[in-house]
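Keep the sequence and the 3D view side by side.

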Amino acid sequence: MALNGKTALVTGASQGIGRGIALRLAKDGANVALVDIKADKLETVRGEAEALGVKATTFVADVSKRDEVHAAVDHAETALGGFDVMVNNAGIAQVKPLADVTPEDTDRIYNININGVLWGIQAAAQKFIDRGHKGKIINASSIAGHDGFAMLGVYSATKFAVRALTQAAAKEYASRGITVNAYCPGIVGTDMWVEIDERFAEITGAAKGETYKKYVEGIALGRAETPDDVAALVAFLAGDDSDYITGQAILTDGGMVYR
């Protein structure tokens, strides 16, 4: 297995894309540290990972809080005996016209989507350096980190920021053998997109399900993305075959945004 003996931490691992990533890394042989604010769901994913024959541990943390992210990384190393891969996956969506955005709105989404990635980069890079080996940092961006989307303007801004942090960190840590990349999903059939669709319905008057359907119809490959589709790219970025790739924000969207 490509990641046999490696230790990976995944934030936002209790459901959706994060769960899919954690289980794919476990399937590929990695021991996994599962981090989220939802303790009960984490335990379910822990059991699923352990059923794949690897070690798994959970840690409840709010990624917007720097000390909690650093503590999660320390826990992963102690509980699993190593640290090799950091997946900064946790994030939230926000659907709102720019004219209606409040300071409270921006504070919340910036703290989770941007600061949460920054704290994860810091904690992981320092741990790799302390352990004296190279490592992989993999961040969650989006198609909305390549194109700004109406009603998703602030969310798009956070995902553009993740691309900037990814590029800057790749340059800062390359001499240490640490690669930093991002994955950019499109329309994934998860609870986040249920929420996005419902908010579009409230704002635009579209029927529930209509916004999701419209976006899926624009996918060249003709279907919505699954967490497994995203996880396949993350598994590649976590493994040795991606050692010469850094600073990239790779689209995995079935053909929606082209770069």
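Two strands pair if DSSP finds at least two bridges between them. Helices (H or I, at least four residues) and strands (E, at least two) are DSSP runs, numbered from the N terminus. This is a predicted model, in which local features need pLDDT of at least 70, side-chain atom pairs count only at pLDDT 80 or more, and totals for chains, interfaces and linings use all residues. Residues are numbered from 1 along each chain as its sequence is written, and side-chain values use heavy atoms, with hydrogens and water left out.

Start with the sheet. It is open, has 7 strands and pairs them in parallel, in the order β3-β2-β1-β4-β5-β6-β7. Its edge strands are β3 (56–60) and β7 (249–252), each of which pairs on one side only. On average, neighbouring strands are turned by 20 degrees against each other, direction ignored. Look at one pair. Strands β1 (residues 7–11) and β2 (residues 31–36) are parallel and share 5 bridges. There, Thr11 has Val35 of β2 as its bridge partner.

Helix α3 (residues 66–80) lies across β1, β2, β3 and β4 (85–88), and runs at about 160 degrees to β3. Helix α8 (residues 227–238) also packs on the sheet, touching β4, β5 (135–140), β6 (178–185) and β7. The direction of α8 makes about 170 degrees with that of β6. Axes here are lines fitted to C-alpha atoms, for helices over the stretch in contact, and angles run from 0 to 180 degrees between N-to-C directions. Contact means heavy atoms within 4.5 Å.

Next, the interior. Buried means under 20% relative accessible area, exposed over 50%, and partly exposed in between (1.4 Å probe, protein chains only). A nonpolar core is a set of buried Ala, Val, Leu, Ile, Met, Phe, Trp, Tyr and Cys residues joined through side-chain atoms within 4.5 Å. The largest such core has 47 residues, of which Leu9, Phe83, Met86, Ile137, Ile178 and Ile187 touch the most other members. Two or more residues each come from β2, α3, α4 (103–131), α5 (153–173), β6, α6 and α7. Helix α4 gives the most, with 9 residues. Leaving aside neighbours within four places in sequence, Ile187 is in contact with residues including Trp193, Tyr215 and Val216. Another core, of 31 residues, lies apart and includes Val10, Ala30, Ala49 and Ala56.

Why does the length of α6 fit? At 1.5 Å a residue, its 14 residues (191–204) should span 20 Å, and its end C-alpha atoms are 20 Å apart, which agrees. The expected span is 1.5 Å times one less than the number of residues. Just after α6, Gly205 takes a positive phi of about 85 degrees.
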